[in-house]
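Please look through the report below with the sequence and the model at hand. Each section takes up one part of the chain.

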Amino acid sequence: MNIVLLGPPGSGKGTQSKKIAERYNLAHISTGDLLRDAVANNIDVGIDIKAYLDVGKLVPDEVISKLLQIRLSAEDVRNGYILDGYPRTLAQAYLLESFLRLDVVLLLDADYKYILNRITTRSVCSGCKATLSDSQLINNLCPICGSTTFKRSDDNEQTFSKRFQVYEELTTPLIDFYKTKGILKSVDGNGGVEEIFDKIKVILDGVTK
Ligand SMILES: [Zn+2]
């Protein structure tokens with residue numbers, strides 16, 4: 001089973017992707033990891049990826065497409081894959097059309113207000129790196145390991161509203177594209193991790209049958 005997972009920033013795509021990969025025995029592929037691996041393993045794609053990453057420039061779509069093609073030929077992908085947060089734009093989706101055979105595109109549909117509330121009331125543990133809801137903290141300390149906690153610098157409304165706006169502009173045409181192809185499945189993303197995962201399982205169990 002081959003899946004793409006779409007959703008706004010802060011909707012928990014990474015967490016759900018890992019859970020899906022584990023349950024359905026799929027390779028979890030994120031383009032961030034792909035780029036880092038390509039740099040670490042010196043994969044030649046005609047450009048110096050590290051130079052792009054170092055200055056925070058976007059790596060060209062064609063390069064990511066090429067890396068994906070290489071990644072998808074790996075042994076662990078035989079049972080299928082989940083693409084986490086890619087493609088983001090219609091142009092990227094077109095590029096993938098020639099070699100991706102998608103069974104389902106899952107859309108984690110979470111509201112702006114819901115995500116904003118979640119990210120502005122969460123902290124990260126300086127010790128075990130867990131992301132915690134502020135209501136779980138004990139005297140501002142991590143309930144798991146007792147270390148101090150801090151707020152991520154991008155967990156504020158200004159940064160989030162910009163990222164959300166960009167997401168909506170770029171991804172709305174993408175959603176329409178996959179809807180037209182008949183493979184888009186929308187999941188209500190306003191809820192806890194397990195609650196959302198239960199809904200995803202119902203959809204994916206239906207696809208595998
Ligand atoms: Zn901790």
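## The model

This is a predicted model, in which local features need pLDDT of at least 70 and side-chain atom pairs count only at pLDDT 80 or more, while totals for chains, interfaces and linings use all residues. Residues are numbered from 1 along each chain as its sequence is written.

Helices (H or I, at least four residues) and strands (E, at least two) are DSSP runs, numbered from the N terminus.

## The nonpolar core

In soluble globular proteins, nonpolar side chains tend to be buried together. The largest nonpolar core here has 30 residues. Such a core is a set of buried Ala, Val, Leu, Ile, Met, Phe, Trp, Tyr and Cys residues joined through C-beta atoms within 7 Å. A residue is buried if 20 or more other C-beta atoms lie within 10 Å of its own, exposed if 12 or fewer, and partly exposed in between, with C-beta atoms placed from the backbone.

The residues with the most contacts inside the core are Ile3, Leu5, Leu6, Ile82, Leu83, Leu106 and Leu108. At least two core residues come from each of strand S1 (2-6), helix H2 (31-40), helix H4 (61-72), strand S3 (81-84), strand S4 (104-109), H7 and helix H8 (193-208). Leaving out residues up to four places away in sequence, Leu5 touches Lys13, Gln16, Ser17, Ile82, Leu83, Asp84, Gly85, Leu106 and Leu108. Two residues are in contact if their C-beta atoms, placed from the backbone, lie within 7 Å.

## Two helix pairs

Two packed helices are described by the angle between their axes and the distance between the axes. Axes are lines fitted to C-alpha atoms, for helices over the stretch in contact, and angles run from 0 to 180 degrees between N-to-C directions. The axes of helix H1 (residues 13-24) and H8 come within 11 Å and cross at roughly 45 degrees. H1 and H8 are therefore oblique to each other; angles under 35 degrees count as roughly parallel, over 145 as roughly antiparallel, 65 to 115 as roughly perpendicular and the rest as oblique. The crossing of H1 and H8 is right-handed, and the contact is made by Thr15, Gln16, Lys19, Ile20 and Tyr24 of H1 with Val193, Ile196, Phe197, Ile200 and Leu204 of H8. By class, these are 7 nonpolar, 2 polar and 1 charged residues.

For helix H6 (residues 112-120) and helix H7 (residues 157-180), the axes come within 11 Å and cross at roughly 145 degrees. On the H6 side the contact is made by Tyr112, Leu116, Ile119 and Thr120, and on the H7 side by Glu157, Phe160 and Phe164.

## Loop residues

The peptide bond from Tyr86 to Pro87 is cis, with omega near 0 degrees. Pro87 lies in the loop between S3 and helix H5 (90-96).

Asn25, in the loop between H1 and strand S2 (27-30), has a phi near 55 degrees, a positive value in a residue other than glycine. Asn25 is exposed, with 11 other C-beta atoms within 10 Å. Lys129 has a phi near 65 degrees, also positive in a residue other than glycine. Lys129 is in the loop between strand S5 (122-125) and strand S6 (131-133) and is exposed, with 10 other C-beta atoms within 10 Å.

Note on methods. A crossing is left-handed if the near helix is turned anticlockwise from the far one by less than a right angle, and right-handed if clockwise. Ala, Val, Leu, Ile, Met, Phe, Trp, Tyr, Cys and Pro count as nonpolar, Asp, Glu, Lys and Arg as charged, and the others, Gly among them, as polar.
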